[in-house]
Amino acid sequence: KRAVVYVQIPDSLAYEGREVTLGPKTDSGYIITAGLSAGDAVVTHGAFKIDSALQIMAKPSMMNPANEVVTSATPATLRIDLSTAQAILPAYLQLQAALAGDDLVAAQTALKSMMAETGHHGDLPDLMHRMLEADNLDALRDPSFRQISDSLIPIIKEAPDAFSGTVVRMHCPMAANNQGADWLQATDDVRNPYFGSMMFRCGEIVEKLK
């Protein structure tokens, strides 16, 4: 009933879904009579991966027409004290790098390292238990990783001298269904953990915390 193609947004690494009107079928496909313009860069491979990312951003996709709106609630702040934040930050940074690199195994390893510091009881361990049960990266990214990030950022911002190494706060305006989401990195080159290779460089530096 609907035909959707994915088009690269000019001068960016982002994509948008567009509904098109199909005309007569030819030997090599269909004639598109509406929805595209000459020069549009249309995705021919990997469309389903882009489709899933577009659903996360509440943009038109195969499964979510343009008039359907997907919302994303703000997760509650986790109860993390300063000493716990100090202990888990190195593993958190490993988790961030793993998500940005689309590496599920490395992400699970980082979560286990964090749990070795926190134990198995409490808000944060409960969340990490649920994350370890997930079998895909998107289930780790939002809201779970966002919840950990939002809980760590104010602690580090309040007592930066309690932490070692470089800690940079980043922001992606397209994460969390276009509500935007922050994360922490050990470097100042953007490596987006919410979209991975799909939009690896999508984001900006908010501030250097340490």
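On the face of helix α4 turned away from its buried side sit the exposed residues Arg130 and Glu133. Exposed here means over 50% relative accessible area, buried means under 20%, and partly exposed is in between (1.4 Å probe, protein chains only). Helices (H or I, at least four residues) and strands (E, at least two) are DSSP runs, numbered from the N terminus.

A quick word on provenance: this is a predicted model, in which local features need pLDDT of at least 70, side-chain atom pairs count only at pLDDT 80 or more, and totals for chains, interfaces and linings use all residues. Residues are numbered from 1 along each chain as its sequence is written, and side-chain values use heavy atoms, with hydrogens and water left out.

Back to α4, which spans residues 123–133: Leu124, Pro125, Leu127, Met128 and Met131 are buried. Viewed down the axis of α4, these buried residues fall within an arc of 160°, so they line one face of the helix. The arc is that of the directions from the helix axis to the C-beta atoms. Their cover includes α2 (82–100), α3 (104–118) and α5, where contact means heavy atoms within 4.5 Å.

Two of these covering helices also meet each other. α2 and α3 pack at an angle of about 175°, with their axes 8 Å apart. That makes α2 roughly antiparallel to α3, a label for angles over 145 degrees. Axes are lines fitted to C-alpha atoms, for helices over the stretch in contact, and angles run from 0 to 180 degrees between N-to-C directions. Among the residues that meet are Ile88, Tyr92 and Leu95 in α2 and Leu111, Met114 and Glu117 in α3.

Next comes the sheet. Three strands form an open, antiparallel sheet in the order β5-β4-β6; two strands pair if DSSP finds at least two bridges between them. β5 (181–185) and β6 (204–208) are the edge strands, each pairing on one side only. β4 (residues 168–172) and β6 pair over four bridges, and Arg169 has Glu207 as its bridge partner in β6. Helix α5 (residues 138–158) lies across β4, β5 and β6, at about 65° to β5.

For backbone checks, most residues other than glycine have a negative phi, and most peptide bonds are trans. Helix α5 holds Pro143, and the peptide bond from Asp142 to Pro143 is cis, with omega near 15°.

Conventions: Angles under 35 degrees count as roughly parallel, over 145 as roughly antiparallel, 65 to 115 as roughly perpendicular and the rest as oblique.
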